[in-house]
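Here are my quick notes on this one, in the order I'd go through them on screen. Have the viewer open while you read.

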Amino acid sequence: MKNKTQTLSLLFFLLFQFLCFNHVHSWKKEEFRTCHQTPFCKRARSRTSSTSTPLIATDVTISDGNLIAKLVAKSKQEETQQNTNPLLLSLSVYQNGVVRVTIDEDRSLNPPKSRFHVPDVVVSEFQSTKLWLQRVTQETLDGDDSPSSVVYVSDGFDAVLRHDPFEVFVRDKSNGNTRVVSMNSHGLFDFEQLKGKGECDDWEESFRSHHDKRPYGPQSISFDVTFHGADFVYGIPEHATGLALKPTKGPGVEESEPYRLFNLDVFEYIHDSPFGLYGSVPFMLSHGKQRGSSGFFWLNAAEMQIDVLGSGWDAENGISKLPKNRVDTLWMSEAGVVDAFFFVGPTPKDVLKQYTSVTGMPAMPQLFSTAYHQCRWNYKDEEDVEHVDSKFDEFDIPYDVLWLDIVHTDGKKYFTWDNVLFPNPEEMQRKIAVKGRHMVTIVDPHIKCDNSFPLHKEATEKGYYVKDCNGNDYDGWCWPGSSSYLNMLSPGVGLGGNYVGSTPSLYIWNHMNEPSVFNGPEVTMLRDALHIGGVEHREVHNAYGYYFHMATSEGLVKRGDGKERPFVLSRALFAGTQMYGAIWTGDNTAEWDHLRVSVPMVLTLGLTGVSFSGADVGGFFGNPEPELLVRWYQLGAFYPFFRAHAHHDTKRREPWLFGEGNTELIRDAIHVRYALLPYYYTLFREANTTGVPVMRPLWMEFPSEEATFSNDEAFMIGNSLLVQGIYTENFRTGNIYKGGATHKLAVTEESIAVFMRAGTIITRKDRFRRSSTQMTNDPYTLVIAVNSSQAAEGELYIDDGSSFNFLQGAYIHRRFIFKDGKLTSLDLAPASNGNARYPVNTVIERIILLGHASGSKNALVEPSNQKVDNLILNSPHFGFKGKTHQQ
Ligand code: NOJ
């Protein structure tokens, strides 16, 4: 295949494509519940506006800076028949266009128990951005008989509580007061209130051989949310499906399951399905040509199901004549409360900023963790580790982290070592560390029930385990056999005590934290299991893994005396995960379709704040043909988290095992990532300060280019690089590449198509070493791609790559500006940033100017007035193959 020129169709801003649906092999569908088999989902999905109980808002007032109201059934008769109490609604407004609405039962009326409010997701800084509401105005909306309550959000937006029927929305004042995001515009709001169990009530539910006692009965909540002026909606990971969420219900839509948010360990998941995978982030963004972007987040950790309703859908007797260009959605959750956030946008980046102002900014990763990771289930012993490590050197391939899967432990007891296979773990880690490399071991939340295991003994004695519905320590089956599960809501539970055999260069991998229970319903924990304070597992399920990830990450910070940034990879995720580490998309398969779906999966994670994510390069299950493996490296080198991993039944597939030609291609792909590390690190810092992800859908950078809205084959890295993967063996032919149209161009096996955007500057390091750590003092190359005005801009962020000193100002952040034939640089670090400094010894050794019209090869370096006469001028097609700077 080498040197054979092939072609692909580059979807550059215009081409519109949907994934084709292929359902395959061994995914065990029957092990998972459908909406129909899930009573709350079945009830909610079959409700129409005429079968729902209409609610009205009464007693509206301002209290403690919030707008508060009661929601009562419109007809007294309904209220008595259904034996319901008024619900309490509270609406608060925050800076930068965020509105929060909570709806809960009135605790003063003594419901059988308090419903669960998800703790530790909303960051404390957010609370301080609250705008203290002083007054509410009454206004009668067009077509209404009764008034609505209106409060100020910003100069551009108001929040409105319509009383009769109850509806909440944010409206755009500069656009004729049109709605932006609204809740209950179709009257589907339903809140099942807790009540005492009557003699005839049969609340138990069964699925296959499992029984759920449901001692509190039905407690679900559902409502419709409309995104106005939107063409598409995105987000709500984690599903293996396209980026723009396809309708699941409505006219002309082949009815499918709703998108399920329920953290599950799914064996051999298929590549295009709304079924829930390992993580859940109940946050959706919309985008449309007319209005730009808006967002909606429901902070609720119970099972959720979300329908995206096809255009023309009507909740039957639709209560308002909403304009057509909108996307309607239906949100259904098994338990919890309404704790909903509306984000006004209007740009996609604004929505990300607003969402991460609530759930936290993505953590600044250690630099080494943004480089290449080598993993396998399992590197079997110390000799194997030494062998793999030395082969990377022999083949001149850089890597930064070597991973150990479950087999390294003593009988799957985490924080221990198998002393036959790994007799000298500290020495092993030190040998790796001298090359600037690191290691990672796995730590899961299930603890082996073995009385000789101190961790188990301690957790049992201190009552740190989740209980079953009878109050005994919950016992489930996982890797170690009989296991108990740490109660992550319990104040005493933390991780990172005395890890014998570890060194400071060892980091952690969490998985099975959905939590996965092999003998549980749908391979997870019983919903009626109990956490501290009587919280039922059903209420906290989707956040369980998040709390475990958080505890691991905090444990690592403690290990480094609060000075070193942690690195923890997790499989389960929830809203806020971005603050604690990286995510990978779990057990994918070595198939072209899985390579392709990895792009929308990673993009979707980024759109919900989780910027640091990637898929297993090569595919976890199965043996990739060499061509697929090479293409996966070429694409995976652009994932924010870049790790190769494989199942223990697969053939070994380290980069040098497929013949010289393929080794060279894989080496080149990895080199691309290493060269781009300064650019990636700068983007990670951007994510850390703004929430804007490293890997972005095209429409985030080109929000008015309609053709990009559903394109998930190509993506942007930052604002500068456009990457188009190759997802098939057979390429299409063509030529040309300029914005605003579909283009075809020739590519070879040597690389995938990467374009640098005109008008941008990126930084590279072009010397390849064994690891990123060894590149610290290497000089930079600036690549300048000028636009039609012969100008370009770009940034570079540098710090020590590992400590928290950057928070005190120990960093360098420059903006490079090329204009009128001159390159200058501006200091972007705010003066108020603290006194710490980051001293660097590195220089810019090379400047590559792309697309410059003058053709001049001379430059003058000021202030020394040094003359340079070998400026490198290049063609606008930006490729990394070989030494680009020598072209
Ligand atoms: C399942 C994980 O997703 C996979 O990455 C890991 O290798 C195996 N469990 C064994 O720990």
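1. Let's start with a helix. Bear in mind that this is a predicted model. In α10, the buried residues are Glu-627, Leu-628, Leu-629, Val-630, Arg-631, Trp-632, Tyr-633, Gln-634, Leu-635 and Gly-636. That makes ten of eleven for the helix, which runs over residues 626–636 and is mostly covered.

2. Now the ligand site. The shell consists of Trp-377, Asp-405, Ile-406, Trp-479, Trp-509, His-511, Arg-571, Trp-584, Asp-587, Phe-620 and His-645. By type, that splits into six nonpolar, two polar and three charged residues.

3. His-511 has a side-chain N or O atom 2.8 Å from a ligand nitrogen. On its own the ligand has 300 Å² of accessible area, and the protein covers 98% of that.

4. On to the cysteines. The disulfide count is one, and the bond links Cys-35 with Cys-41 at an S to S distance of 2.2 Å. The S-S torsion of Cys-35 and Cys-41 is about -100°, so this disulfide is left-handed. Both Cys-35 and Cys-41 are buried.

Terms used
Residues are numbered from 1 along each chain as its sequence is written. This is a predicted model: local features need pLDDT of at least 70, side-chain atom pairs count only at pLDDT 80 or more; totals for chains, interfaces and linings use all residues. Side-chain values use heavy atoms; hydrogens and water are left out. Buried means under 20% relative accessible area, exposed over 50%, partly exposed in between (1.4 Å probe, protein chains only). Helices (H or I, at least four residues) and strands (E, at least two) are DSSP runs, numbered from the N terminus. A residue is near a molecule or strand if one of its heavy atoms lies within 4 Å of it. A polar contact is a pair of N or O atoms within 3.5 Å; within protein, one must be able to donate a hydrogen and the other to accept it, and residues adjacent in sequence count only if both atoms are side-chain atoms. Accessible areas come from the Shrake-Rupley method with a 1.4 Å probe; for residues, only the protein chains shown count as cover. Ala, Val, Leu, Ile, Met, Phe, Trp, Tyr, Cys and Pro count as nonpolar, Asp, Glu, Lys and Arg as charged, and the others, Gly among them, as polar. A disulfide is a pair of cysteine sulfur atoms within 2.5 Å.
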